[in-house]
Amino acid sequence: MTVEAREARQPYLLLSPAMVAVTLLLLVPLAFIVVYSFWLRTATGADQAGFFLDNWREALSDAFYRDILLNTLKIAAITTLVCAIMGYPAAYVIARSRGNKAVLLLLLMLPFWISYIIRTMSWINILGASGAINSALMWLGITDAPIQMLYNEASVILGLVHFLLPFMILNIYVSLDGIDTTLEDAACSLGATRWRTFLEVTLPLSLPGLAAGGLLAFVLGAGTYITPIVLGGPTDAMFANLVFEAIITQLNWPLGSALSLMLLAVLGALVLLYNHFLGMGQLMKGLG
Amino acid sequence: MGAVTLQNIVKRFGSFTAVHPMSLEIPEGSFVSLLGPSGCGKTTTLRMIAGLLDPSEGDIQINGRRINDVPIHKRNLGLVFQNYALFPHRTIAENVAFGLKFRGVDKAERDERVKKALDLVQLPDVGDRYPKQLSGGQQQRIALARAIVIEPDVLLLDEPLSALDANLREDMRVELKRIQHQIGITTVFVTHDQAEALALSDRIVVMSNGRVEQVGAPEDVYTTPATEFVARFLGASNILPSTCTDADGATVALENSAFGKLVLPRERAPHVSGPGAVKLAVRAEKLAIVAPGAAGAPGEDEVSVPGVIETVDYQGLAARYFVRIGNEQLQAINMIDGSPFAEGAAVDVRLRPRDCTILAEAA
Ligand SMILES: Nc1ncnc2c1ncn2[C@@H]1O[C@H](COP(=O)(O)OP(=O)(O)OP(=O)(O)O)[C@@H](O)[C@H]1O
Ligand SMILES: [Mg+2]
């Protein structure tokens, strides 16, 4: 074998374990789900193999599913917006800090060491009827009965922001950190105030990070099902909860498959849109 | 246009002093270089003038007005960086027009002035491109255009040519000189490259370890270095510890181990007041290496001593010899006529005392 041929093969050799894993653990199960979505669950509870469009017809025509899908997208959008507004200043401070950058980044990573479920449940101890805030308010005599702060849309969004903020900050940080500060010096020397410099130079150059963080927060937020279970009320179900409900509770795999593919299609379209305008490279930078 | 005055400016970073008290007059329209090795405080000084750093002490004036407290965006200075610092998300025309936006220049005049600036740097047709689509040299011209289009009082350049390759650097050097002449702007140029400083400047400020070693015209700094540092940093020099034996109004007599007695004209040793230890600087190119007993006996104003070549560094046009004379090893750079001397060859080393300098620095 020539050197060239060996070099040409090398990337594939190195990638092959990962490609095998992706194929077996992701693509094959996904193919099963696609197949399942065309099966039918009969009245007896058994699945009937075949090519039926019934699940798809139900998923796409029932207003119940549509409303929950729209609500899911709304919650994900609000969460993303809040993360962006809260995350940008934090990322800016980290990127521009001189000595303690490593410490700040470590603090940012710290939450990842604790299970996401436990982090979500911690809000019950803070906002719950006998949680920290209500206990304090009652002890101070400001209220007699606990204020209901949990189990509504706001607490779901709060939980999601808590979960997704580090992703947003990391992505914006990577973008800001890559901006050459002499660009800002140049803008100032040309007559721009600090604020104008931010608007004209820093912000536009950090948009790729903001977009990457936004995409990640949106996709992860829209696909979540634990946060609404732990922090949401009966009417705060998100789309992934429907999938969970169909598959785990009702054991209706065909319908669950169709629903999950529906969510995948919506979020996949978003990712493709992002890729079209900004490319995947930026997202990888933020994750790596 | 403006004159710049630095009055005892100091810059400290924590307990480290990057610039020791430094005073400097930069006349209107002149081209002044800050020259020195890496870390000597050139950029720090430039950034203080620019307003990117606050001096720890001292005053900075432009046209006699103290500007210490004027924020950078109101100083009206043109800044050019080593890495160009063009805005990657803006076209070339937008880059050049950037500073005009903040000066209330209307769109039509802006376009006009951008066009003129691009003509000046001889890149009239690149306005619609993005910085990435230009070569390094072209980007640096655009950075220059962007800095001068705002008609700044002073142009500040921080190693603007260092990122370019050797040939391009020389072309850009000529270009920079032409543009500076054409618009006659006061320019402060930071470099660690002595050739750039010598070629471009009206005056050179040689710096070392945060202190000014010498200020003078290129020729003065080169031929009459004030300190050992300057002598060694600009070109190659030999520093010979010597003893002054006699000094009168016209001549200074001294002795050293390599050449014995030397008599220098007074202007080569202006600082010497009387007998004592001094440092003699001899440029490597002023030592002539000849074959022993070569034709053309030493001129009457020339001294000749025997030596042995220890190392030859062949450079094509010239050769650098390390030649031993007694206990001293000296460096000599000579044009090659025929073939260079071989290592180990016995030679004569000739020197005209009036080509030497006694350093102002105490021995
Ligand atoms: N922000 C800072 N904090 C601490 N020390 C600094 C800072 N900026 C510069 N220094 C120190 O001050 C000294 C002078 O730095 P400066 O950048 O002015 O050098 P320079 O002459 O421009 O060198 P070079 O040719 O490498 O650019 C250096 O020793 C540098 O380490
Ligand atoms: Mg520097």
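Q: Which residue of chain B has a polar backbone atom 2.7 Å from an oxygen atom of ligand 1?
A: The model is predicted. A polar contact needs N or O atoms within 3.5 Å. An oxygen atom of ligand 1 is 2.7 Å from a polar atom of the backbone, and the residue is B:Gly39.

Q: At what distance from an oxygen atom of ligand 1 is an N or O atom in the side chain of B:Thr43, and what is the distance for B:Thr44?
A: Here the side chains supply the N or O atom. For B:Thr43, the distance to a ligand 1 oxygen is 2.5 Å. For B:Thr44, the value is 2.5 Å.

Q: How much of the accessible area of ligand 1 does the protein cover?
A: On its own, ligand 1 has 630 Å² of accessible area.

Q: Which element gives the most residues to the shell around ligand 1?
A: The shell includes B:Lys42, B:Thr43 and B:Thr44. In chain B, β2 (16-26) and α1 (42-50) each supply at least two shell residues. The top contributor gives three residues, and that element is α1(B).

Q: How many charged residues does the shell around ligand 1 have?
A: Among the residues around ligand 1 are B:Phe13, B:Pro37, B:Ser38, B:Lys42 and B:Glu159. By class, five are nonpolar and five are polar. Lys and Glu count as charged. The number of charged residues is two.

Q: Is B:Gln139 buried or exposed?
A: B:Gln139 sits in helix α4 of chain B, which runs over residues 136-148. Its relative accessibility is 16%. The cut-off for buried is under 20%, so at 16% B:Gln139 counts as buried.

Q: Which residues does B:Gln139 contact, leaving aside neighbours within four places in sequence?
A: Contact means heavy atoms within 4.5 Å. With the sequence neighbours set aside, the partners of B:Gln139 are B:Tyr84, B:Leu86, B:Pro131 and B:Leu134.

Q: What share of the chain B contacts with a separation of 6 or more comes from residues 24 or more positions apart?
A: Chain B has eight helices and 20 strands. Its C-alpha trace spans about 75 × 45 × 35 Å along the principal axes. Among contacts with a separation of 6 or more, residues 24 or more positions apart account for 67%.

Q: What percentage of the accessible surface of chain B belongs to carbon and sulfur atoms?
A: Of the 363 residues in chain B, 50% count as buried. The accessible surface comes to about 15,900 Å². The carbon and sulfur share of that surface is 49%.

Methods: Residues are numbered from 1 along each chain as its sequence is written. Chains are lettered from A and ligands numbered from 1 in the order in which they are written. This is a predicted model: local features need pLDDT of at least 70, side-chain atom pairs count only at pLDDT 80 or more; totals for chains, interfaces and linings use all residues. Side-chain values use heavy atoms; hydrogens and water are left out. A residue is near a molecule or strand if one of its heavy atoms lies within 4 Å of it. A polar contact is a pair of N or O atoms within 3.5 Å; within protein, one must be able to donate a hydrogen and the other to accept it, and residues adjacent in sequence count only if both atoms are side-chain atoms. Accessible areas come from the Shrake-Rupley method with a 1.4 Å probe; for residues, only the protein chains shown count as cover. Helices (H or I, at least four residues) and strands (E, at least two) are DSSP runs, numbered from the N terminus. Buried means under 20% relative accessible area, exposed over 50%, partly exposed in between (1.4 Å probe, protein chains only).
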